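Subject: Structure handover

Hi,

Here is the structure I promised to pass on. Please open it next to this email and follow along as you read.

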Amino acid sequence: MDERHLVNELMKAVAEEAREFAVRPHFPGLKKFAAFAYVAERFGYRYLGHAPGNAALNNPYFLFRRTPDARERATALMGADAAAPVGNALPGMRPGLGFTPIPAARPEVEILYSQMVVDASGRYNPRVLSNILILPIVMAIFLIFPGYTVDNVLIAAGIWLAFFALYLVGLCVSRYRRAKHLARLTAAGVEWPPQVDA
């Protein structure tokens, strides 16, 4: 299960007192991953966005960096044995329900979710448009085999127009969601994206 994998990666970082760690969620949706980021912050690892060098990937790695008080946080949650998980109870989550936040934790999880949505909207960049613009060349190559008939060219043009229309719709949705979540972060007094020290 992906939730267990994420908790194991977090516990490994806590036990090793790693300066930072990067994980890639495999379950769909950022809301559960935002809940994981909430749990990581309770253990002293702050969410910093996409790991450098892979932000353009469809499923990028997410970076977490250790806070100065991480040891105290982990000790308070787990006691002296920092290598053992906290049983089935994750801080701020409903016992036995994985990454399902309790009502008191929901506002912070929503802020983390907004940060992740803003990060995700950054992946909708010119690289996507360049792929759409290269598509006619690929289609032209594939049309060599059946031949350049009017029907085949019209079908290829229709397919390209459909992809371009989907790109435009995706761009509009991405910009709308980015603006909405940036407004939520601004209202909460959160500056995002963060300034990451090298």
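The expected span of a helix is 1.5 Å times one less than its number of residues. Keep that in mind for α1, which has 15 residues. From its first C-alpha to its last, α1 reaches 21 Å, close to the 21 Å expected. Note that this is a predicted model.

**The overall picture**

The protein has six helices and three strands. Along the sequence, they follow the pattern α-β-α-β-β-α-α-α-α. There are 198 residues, and buried residues make up 35% of them. The protein exposes about 11,500 Å². Carbon and sulfur atoms supply 64% of that area.

**Helix α1**

Which residues of α1 are buried? They are D2, E3, L6, V7, L10, M11, A13 and V14. An α-helix has 3.6 residues a turn, so residues three or four places apart point the same way. Keep this in mind when you look at the list. The buried residues of α1 pack against β1, α2, β2 (45-50) and α3.

What follows α1? The answer is E17, whose phi is positive, near 50 degrees. E17 comes up again below.

**Salt bridges**

Side chains of opposite charge can pair when their charged atoms come close. How many salt bridges does the structure hold? It holds eight.

Start with E17 and R66. E17 lies in the loop between α1 (2-16) and β1 (20-23), while R66 is in strand β3 (residues 62-66), so the pair ties together parts 49 residues apart in sequence. E17 is partly exposed, with a relative accessible area of 35%. R66 is also partly exposed, at 23% relative accessibility.

R71 counts as partly exposed, with 48% relative accessibility. Together, E17, R66 and R71 are linked in a network of salt bridges.

The last pair is R42 and E108. Their side chains meet in a salt bridge at 3.4 Å, N to O. R42 is in helix α2 (residues 30-42) and E108 in helix α4 (residues 106-121), so the pair ties together parts that are 66 residues apart in sequence. E108 is partly exposed, at 38% relative accessibility.

**A charge without a salt bridge**

Find E41 in helix α2. Is E41 buried or exposed? E41 is buried, yet it has no salt bridge. The nearest side chain of opposite charge is R46, 4.1 Å away. What does E41 touch, apart from its neighbours within four places in sequence? E41 is in contact with R46, Y47, R73 and L112.

**A nonpolar patch**

A nonpolar patch of about 960 Å² is made by I134, I137, V138, I141, F142, I144, F145, Y148 and V153. Which helix gives the most to the patch? Helix α5 (residues 126-142) does, with five residues. F142 belongs to helix α5. At 57% relative accessibility, F142 counts as exposed.

**The segment after α6**

Finish with E191. It lies in the segment after α6 (150-187). E191 is exposed, with a relative accessible area of 60%. Along the chain, E191 and Q115 are 76 residues apart. Their C-alpha atoms are separated by 9.5 Å.

Best wishes

Note on methods. Residues numbered from 1 in each chain as written. Predicted model: local features only at pLDDT ≥ 70, side-chain atom pairs only at ≥ 80, totals over all residues. Heavy atoms only, no water. Salt bridge = Lys/Arg side-chain N within 4 Å of Asp/Glu carboxyl O. Helix = DSSP H or I, 4+ residues; strand = E, 2+ residues; numbered from the N terminus. Buried < 20%, exposed > 50% of the residue type's maximum accessible area, 1.4 Å probe, protein only. Patch = residues over 30% accessible without salt bridge, like charges linked within 9 Å, V, L, I, M, F, W, Y side chains within 5 Å. Areas by Shrake-Rupley, 256 points an atom, 1.4 Å probe, with all protein chains shown as cover. Lys, Arg positive; Asp, Glu negative; His and termini not counted. Contact = heavy atoms within 4.5 Å.
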